[in-house]
Amino acid sequence: MDSQITLRVDGAAHPLAVDTRTTLLDALRERLRITSPKKGCDHGQCGACTVLLDGRRVNSCLVLAVTVGDAEVTTSDGLAVDDVPHALHRSFVEHDAFQCGYCTPGQVCSAAGILAEARAGWPSAVTPDVAADTVELTDDEIRERMSGNLCRCAAYANIVPAVADVARAEGVRR
Amino acid sequence: MRGRSGHSGPSVSTDAGTRPATTATTTPGRIGDSPLRPDGTLKVTGEFAYASDLWHDDMVWGVTLRSPHPHARIRGIDITEALTVPGVTAVLTADDVPGENAFGLEHADQPVLAVEFVRYEGEPVALVAADHPETARRAAARIRVEYEVLPAVTDPRHAMDDDAPAVHRPGNLVRHLQLRRGDQSVTAPVVVSLDVEVGMQDQAFLGPESGLAVPAEDGGVDLYVATQWLHVDQRQMCLALGMPPEKVRLHLAGVGGAFGGREDLSVHVHASLLALRTGKPVKMSYSREESFFGHVHRHPAWLTYEFGAERDGTLVYARARVLLDGGAYASSTAAVVGNAGTLGLGPYRIPNVAVDAYGVFTNNPPCGAMRGFGCVQAAFAHEALMDELADAVGLDPVTVRQRNGMREGDRNITGQLIDSAAPVAELLQIVADLPLPPQRDADADLRALPGSVGNTTHGEGVVRGVGYAVTYKNIGFSEGFDDYSTARVRLEMTGGEAVATVHTAAAEVGQGLITVEQQICRTELGVERVVVHPKNTAVGSGGSTSASRQTYVTGGAVQAACVAVRDVVLARAAASLGREVSQLRLDGEKIVGASGEVLTGLAEVLGEDAVEETREYRHRPTHAIDPETGQGDAHVQFAFSAHRAVVDVDVELGLVKVVALDTAQDVGKAINPDAVVGQIHGGSAQGMGLALMEEIVVTDGHVRNPSFTDYLIPTILDMPPMQVKVLEYADPHAPYGVRGVGEPPTISSGPAVAAAVRAACGRPLRRVPIRPEHITGT
Ligand code: FES
Ligand code: FES
């Protein structure tokens, strides 16, 4: 069964008819040709498809396109404004926080998501004080929160400082 | 310098006289710097086009129907129903293969589409093209294949039994490597022995197999594909398509990791067949599940080792038997046996040796190349046995290895002279001297314990262990293979700026080859702007992105082409300036004299002309080994690495947390120090993965866990902090003194982790990956 929806992606509205079983990832990649989010597993196991849905990170392979509604979808590509790379983009490049790069747009979206989580004071399993207003993104916090994003090239040792630098600049890390 | 966390910075601590670069330039981003990746920004935003991102207007999608049986006779295939599915544009079987229905890296023994028999679960049987991938999948499900299930050989230990069904004629032996050196009847006062088993590891690159085949007007095809070696793909495709190379053009699409798993063909011929049949561009992309069936894996291995030694731990002899399960087709099994046999006793001085290494056919998934290539399996055995020897003679694990460690000037077990640095003892000393992580205190945060927030322990039953391992690996292709790379370099003025363009067919798979190509051009030509031409078969072969060989061999070709271009430019300059060529050099887009004075600009010398040169580079030849004794100069270069692992083990529950994984490696010359450290991180993670978690479980020929839920790869939480120490003992035989980097860390990390777990739990642990029940003995 097809459904008429409008996906708002990276600041643009895209009306389209989708089979109701279509995932957000497939709608983006195969219908809208927005290939910044990658497909590594299609089963919520790898994080390569991570995008932001109204600023919160999701595995887009686990979201049905018809459930997105008016929410704003942001891909790693969409984090760049007017072709100016986002601070996370620059930091990942400068820290060589990837090799093949296939996991990277997902890592970047996930990192953008955890910066917002820290600002909002959302605790994780390693947060010492779950009642605090904000969370400091220590290395342990970064590792815990980024652990759903697999990197087979294992650029992990560089991902941590790449995220930490931006966290510091944004005031969620000392 | 880029920011880095304190524990992981590169430390180039030794330099034994690297050959000077032939032109000392002041251009930034040259050899020894760590310039940013030219494709970096595209990769982080996601604009970089991986093979799975490709799109063509009016393209259709191809899917593969695969065998559900490990071994069966095909009685018949009925495609009628599949053809009636609306949207289907083609259904193909073996009858539709126009050329020879065979491919293979070393032997063309694998059908493009099964004919008469299927020999493993997942073997391609038929293809469907349709306007939507789901339509194609549904149509494929309506192909009726009548199978007669046959008895399967699924235990490689019985593959050579007289009554074992033959997977291929004449029998199930792929290769037996026999190696004999020294006195075969020698005895020793101390004898230790063991049996080790290594499970099947998967490359698990994150970007599954993908390609786009576009039919061309000349009747040929253009294939855009993620691969490790365009030209070896092309050769196999020409055979199967029955076409000359001019009509089979390959282009490297973005590669989402490789690690050996893209050496063999995947979608290549299939997508091309569908494109040629339908006259439309055809895209094929494997799902994660299909990917587990769509490429070869690391050979599972059974190893029986014995060392004889003096009472002081000095090795007298070694005897080893290695059995590798090659699965249903040959792939690169023969070469993996070559490595397991010739390098399988590790970087030790052993005067008397007997090794028998076997690769066999079974009806299990085909196995072939994965990072470390035959040395990984062997290292689990020789390193475990080294620890046994240490115990038997009362030495610590570092000393026993140092006492037997190879040195420059030694001969290895094939009699080959080690004619450049072999710093085995030094690498071990470096890792042994690195600071250990602090001892866990009694009230440690439970999140730092094995089991973590699973709250499985508060420290009771948790024991710390430390383990060491050292290895060596051949770099480049061995045993007489004609291993070369081609590079074309062009220098011209564009918009008032000198631009070098480098064109090779050597695959960038994430290791950073294109950055290295740029660095070499900047160093040799003294220009800042270097364009990396898209990789394709319009230039000669770049050889395989494997065997840690690209910086060495393609690097050598790029250097040679640059030197040729520079010679032309300087000869012209010399003629117009009336000077000797030998007194001129190129630096910062200027022709500079002996004392650094600027004589003229590159723009003046080049004018409107482009200077372009193409060169091939071959490393020193290697040789076949003697079939009786296994003796010979089989390899061109050796690279050495050592690891020290520290683990906490909950010995009651069998849970492991790797606390630290420190390493030292000799890289000859770090062309790009950041990329070197990245390779060492990545390689170490994959070795650790095999020791603790990564295994394709195959029972009765069936893969039981083709998903990332059940096939586990290390996450950011599994990776401990790493101290990485890099030595630079230049290899005088290699361009710039380089030594291959990517593989050694995958070989020594796993055995070090296994040794640490053994030390913690006190059990022999003769199988990897180590499972909780091995640790608890339940
Ligand atoms: S593709 Fe969505 S989590 Fe892997
Ligand atoms: S950079 Fe290759 S998977 Fe992360």
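How does the radius of gyration of chain A, with 174 residues, sit against that of a compact globule? A compact globule of that length would come out near 16 Å, and chain A has 16 Å, which agrees. The radius is taken over C-alpha atoms, and the globule rule is 2.2 Å times the number of residues to the power 0.38. Along its principal axes, the C-alpha trace of chain A spans about 50 × 35 × 30 Å.

A quick word on the ground rules. This is a predicted model, where local features need pLDDT of at least 70, side-chain atom pairs count only at pLDDT 80 or more, and totals for chains, interfaces and linings use all residues. Residues are numbered from 1 along each chain as its sequence is written, while chains are lettered from A and ligands numbered from 1 in the order in which they are written.

**Chain A**

Chain A has 6 helices and 5 strands, where helices (H or I, at least four residues) and strands (E, at least two) are DSSP runs numbered from the N terminus. Going along the sequence, the pattern reads β-β-α-β-β-β-α-α-α-α-α.

The chain is split into domain 1 (2–77) and domain 2 (87–169), with bounds that come from an automatic or database domain assignment. Over C-alpha atoms, the centres of domain 1 and domain 2 of chain A are 22 Å apart. Their contact draws 16 residues from domain 1 of chain A and 13 residues from domain 2 of chain A; two residues are in contact if their C-beta atoms, placed from the backbone, lie within 7 Å. On the domain 1 side, β3 (50–53) and β4 (56–59) of chain A each supply at least two residues, and β3(A) has the largest share, with 3 residues. By class, that side of domain 1 of chain A holds 6 nonpolar, 7 polar and 3 charged residues. For these classes, Ala, Val, Leu, Ile, Met, Phe, Trp, Tyr, Cys and Pro count as nonpolar, Asp, Glu, Lys and Arg as charged, and the others, Gly among them, as polar.

**Where chain A meets chain B**

Here 51 residues of chain A are in contact with 47 residues of chain B. On the chain A side, α2 (76–79), α3, α4 (104–119), α5 (139–145) and α6 each supply at least two residues. The most comes from α6(A), with 7 residues. That side of chain A has 26 nonpolar, 14 polar and 11 charged residues.

**Two helix pairs**

Two packed helices are described by the angle between their axes and the distance between the axes. The axes are lines fitted to C-alpha atoms, for helices over the stretch in contact, and angles run from 0 to 180 degrees between N-to-C directions.

| Helix pair | Axes come within | Crossing angle |
|---|---|---|
| α3(A) (87–94) and α6(A) (156–169) | 8 Å | roughly 140° |
| α9(B) (397–404) and α10(B) (424–433) | 9 Å | roughly 165° |

With that angle, α3(A) and α6(A) are oblique to each other, on a scale where angles under 35 degrees count as roughly parallel, over 145 as roughly antiparallel, 65 to 115 as roughly perpendicular and the rest as oblique. Their crossing is right-handed; a crossing is left-handed if the near helix is turned anticlockwise from the far one by less than a right angle, and right-handed if clockwise. The contact uses A:Ala87, A:Leu88, A:Ser91 and A:Phe92 of α3(A), together with A:Ala162, A:Asp165, A:Val166 and A:Ala169 of α6(A). That makes 6 nonpolar, 1 polar and 1 charged residue.

Over in chain B, the axes of α9(B) and α10(B) cross at roughly 165°, which makes the two helices roughly antiparallel. α9(B) passes α10(B) in a left-handed crossing. B:Val398, B:Arg401 and B:Gln402 of α9(B) meet B:Ala425, B:Leu428 and B:Ala432 of α10(B).

**Backbone details in chain B**

The peptide bond from B:Arg169 to B:Pro170 is cis, with omega near 0°, and B:Pro170 lies in the loop between β7 (144–149) and β8 (173–181) of chain B. The bond from B:Val768 to B:Pro769 is also cis, with omega near -5°; B:Pro769 is in the loop between β32 (767–768) and α16 (772–776) of chain B. B:Ala204, although not a glycine, has a positive phi of about 50°.
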